[in-house]
Amino acid sequence: MSQPPTRRHLLRLAAGTAAAAPLLHATPAAARTASTASTATPLAGTPAHVPSTAAPAAVPATWAVHPFPLDQVTLGDSVFRRKRDLMLDYARAYPADRILAVFRANAGLDTRGARPPGGWETADGNLRGHYGGHFLTLVSQAYADTREAALKTKLDQLVAALGECQQALAEHGSPKPSHPGYLAAYPETQFILLESYTTYPTIWAPYYTCHKIMRGLLDAHTLAGNAQALAIASKMGDWVHSRLGRLPKAQLERMWSIYIAGEYGGMNEVLADLHALTGRAEHLAAARCFDNTALLDACAGDRDILEGRHANQHIPQFTGYARLFDHTGDEKYTTAARNFWHMVAGPRTYSLGGTGQGEMFRARNAIAATLGDDNAETCATYNMLKLSRQLFFLEPDPAYMDHYERGLTNHILASRRDAASTVGPEVTYFVGMGPGVVREYDNTGTCCGGTGMENHTKYQDSVYFRSADGNAVYVNLYLASTLRLPERGLVIEQASTYPAEGVRTLTFREGGGTLDLKLRVPSWATAGFTVAVNGVRQQAQAVPGSYLTLSRNWRRGDRVTVSAPYRLRVERALDDPTVQSLFHGPVLLVARSRETAFRQFSFYRDFTLRGDLADAVRPEGRPQHFTTHGLTLAPFHIADDAAYHAYFRRTEPVVVFGTTDSGVANRARGDGLTFLDVLWAQAPFVTSARFVDAVRVLADVWLSEGLFTRSERDRVVAAAGAANLRR
């Protein structure tokens with residue numbers, strides 16, 4: 001399907017053209033005297049229904065599982081905290097006036113000589129304002145995590161300035177907005193043009209930008225207690241309802257079907273969240289204006305029509321549908337969201353946990369066929385993790401957390417360059433999965449630059465959850481961290497070297513009492529998963545892809561140790577099983593090479609009776625680094641400028657056992673698995689005799705299916721008997 005140019009492509013064409021000049025606008029005298037109300041008090045004219053003090057909305061009754069606030073979970077020493085600290089430095093140092101420049105210019109206020117950030121956040125950019133919304137979330141999360149007074153001061157200044165802009169637009173806007181709640185960094189024109197179906201790039205994605213601003217404001221309220229932020233967002237919600245509530249459903253549906261121009265991010269989600277805080281029916285009604293009915297109906301009916309659609313335009317819509325279910329009880333929303341998740345999380349997900357090529361969904365199962373330098377838009381992974389989390393709240397299926405762990409460990413952790421910067425976020429846009437690609441960073445002012453700022457200041461948000469009744473704690477991720485449950489007087493500390501291999505220890509530092517501790521058994525934990533309490537091994541059965549529950553009256557000092565040894569394993573591309581990725585436990589390993597063609601790897605000739613890739617892939621000396629075929633394999637989360645191969649071509653042309661070559665072609669059956677693939681999937685073999693028996697049985701199958709001749713079958717069995725494979 002032919003598509004318009006991606007926004008990333010346009011950014012490359014326009015890089016540096018508009019960002020260098022500061023915004024210089026005259027400041028009307030009336031605007032200079034606009035309200036500068038403190039963040040402790042809502043703006044003048046704040047509707048009486050908006051609370052004067054901030055408080056998070058109540059957790060929906062539909063949720064079986066609840067998250068913990070960011071400030072109840074702190075990160076311990078790990079690569080996650082080091083990546084977070086890099087982003088905290090950026091949050092502290094980046095000037096608020098640069099973020100505010102485009103807003104002040106649009107409102108006719110003094111920009112104080114500040115130049116906007118750049119990228120798409122420029123004086124004339126059609127997405128300007130979106131980056132400021134992300135920055136609000138960044139600082140809100142950073143403050144919730146650290147409680148640093150300087151971050152709170154910066155956040156309050158940002159919110160107060162946006163309040164001034166909203167008020168100036170309402171009183172002196174040129175043109176004057178249709179409703180006093182309007183707030184953006186450009187005139188209302190883009191929204192008006194969208195209603196007449198104007199396409200991209202004449203306009204970009206006005207409601208996408210609106211969502212980012214509203215989301216940032218709600219985060220400032222719920223994470224940092226800024227009451228004025230809720231007042232501003234509530235007025236914006238009123239404005240959205242005033243524009244969309246009067247439009248016919250057919251017009252709305254046509255608007256949301258337009259490529260990029262109709263992209264609205266998570267407007268349905270943020271309006272549902274706003275409704276939860278204000279209780280206003282108009283805000284929920286506005287959220288339902290964003291039903292993208294054709295796709296919603298298709299996904300509710302489990303009809304996959306994603307091919308050719310813009311990935312990140314649609315993923316956040318389904319997080320919004322899950323939230324709408326919370327408020328309406330309409331199961332169509334959750335059915336669609338679950339089905340959509342399954343259409344993406346398996347058949348359209350690369351080994352790092354990301355999706356899409358060139359921002360687009362491709363055909364179902366098209367993995368090997370779509371590898372290149374423009375896979376896995378980082379925004380899309382950000383939103384798929386949000387959707388996974390939202391669905392888990394409704395139904396705690398460990399598959400959601402398996403997907404979350406994969407994307408967090410391999411894509412998100414890898415998306416922040418391992419170098420300090422206070423002038424840019426230094427994060428990825430696309431993350432190529434093709435041979436010999438190199439990651440590109442920075443992305444100031446882009447969508448992935450915005451979500452990238454958020455990604456690295458909320459690592460702790462899904463490490464632990466609790467059951468709705470408060471009687472169970474889910475341990476979803478084995479990150480070094482500390483959980484505080486003040487209502488129960490509990491402090492649980494997790495010591496861990498994750499993502500490196502090692503024993504994880506959970507210690508009850510304070511408090512105790514009856515509690516179910518639900519430990520996630522990752523789907524990759526096929527080498528065993530053992531648990532001990534105070535040194536006593538527990539007999540509970542651990543099934544990969546499930547939760548193991550420890551029920552106990554816990555006491556201060558109790559220690560739970562979890563061991564899940566990593567093993568080397570391959571994952572095959574769905575459309576070509578010879579194209580494979582290599583993992584060490586949950587960690588994607590990439591071959592360091594600048595070659596632009598697939599590297600070819602053969603492993604089976606090195607196998608012993610245990611059938612372990614460790615016989616062919618050797619430790620290099622550094623943690624989680626290996627060598628094979630003369631190449632270094634490194635964890636993908638090491639974020640540098642080295643060229644890499646996330647996939648390789650597996651070539652096992654002949655049935656060979658050690659040094660014994662049968663001379664028979666290693667043919668594949670209909671599903672693409674070869675004789676040796678099926679044989680070694682049965683390993684380990686206790687004795688050589690058991691190994692020969694397995695070869696004989698499988699060779700008979702291959703003979704019966706016409707994949708071996710009688711002579712070839714006999715040669716394969718003879719080669720197995722002659723091989724001297726050690727344990």
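Strands β14 and β15 (residues 587-592) pair in the antiparallel sense, with three bridges between them. This is a predicted model. The two strands make a hairpin with two residues between them. Strand β14 (residues 579-584) is mostly covered, with six of its six residues buried.

- In the β14–β15 hairpin, Gly585 sits in the turn and has a positive phi of about 65°.
- His584 is the bridge partner of Leu568.
- β13 and β14 form a hairpin too, with six residues between them.
- Strand β21 (residues 648-650) joins β14 through two bridges, again in the antiparallel sense.
- Here Gln580 has Phe648 in β21 as its bridge partner.

**The two sides of β14**

- In a regular strand, side chains alternate between the two faces of the sheet.
- Val579, Ser581 and Phe583 point one way from β14.
- Gln580, Leu582 and His584 point the other way.
- Both sets are buried, which for each residue means under 20% relative accessible area.

- Strand β4 (residues 472-475) has both faces covered.
- Ala472 and Tyr474 are buried on one side, Val473 and Val475 on the other.
- Strand β3 (residues 464-467) runs antiparallel to β4, and three bridges join the two.
- Tyr464 stands opposite Val475 of β4.
- β3 and β4 form a hairpin with four residues between them.
- Gly470 lies in that turn and has a positive phi of about 80°.
- Strand β8 (residues 513-521) runs parallel to β4, with four bridges between them.
- Leu519 of β8 stands opposite Val475.

**Helix α5**

- Helix α5 (residues 130-146) has 17 residues.
- The helix reaches 25 Å from its first C-alpha to its last.
- That is close to the 24 Å expected at 1.5 Å a residue.
- In α5, 16 of the 17 residues are buried, so the helix is largely enclosed by the rest of the structure.

Terms used. Residues are numbered from 1 along each chain as its sequence is written. This is a predicted model: local features need pLDDT of at least 70, side-chain atom pairs count only at pLDDT 80 or more; totals for chains, interfaces and linings use all residues. Side-chain values use heavy atoms; hydrogens and water are left out. The expected span of a helix is 1.5 Å times one less than its number of residues. Buried means under 20% relative accessible area, exposed over 50%, partly exposed in between (1.4 Å probe, protein chains only). Two strands pair if DSSP finds at least two bridges between them.
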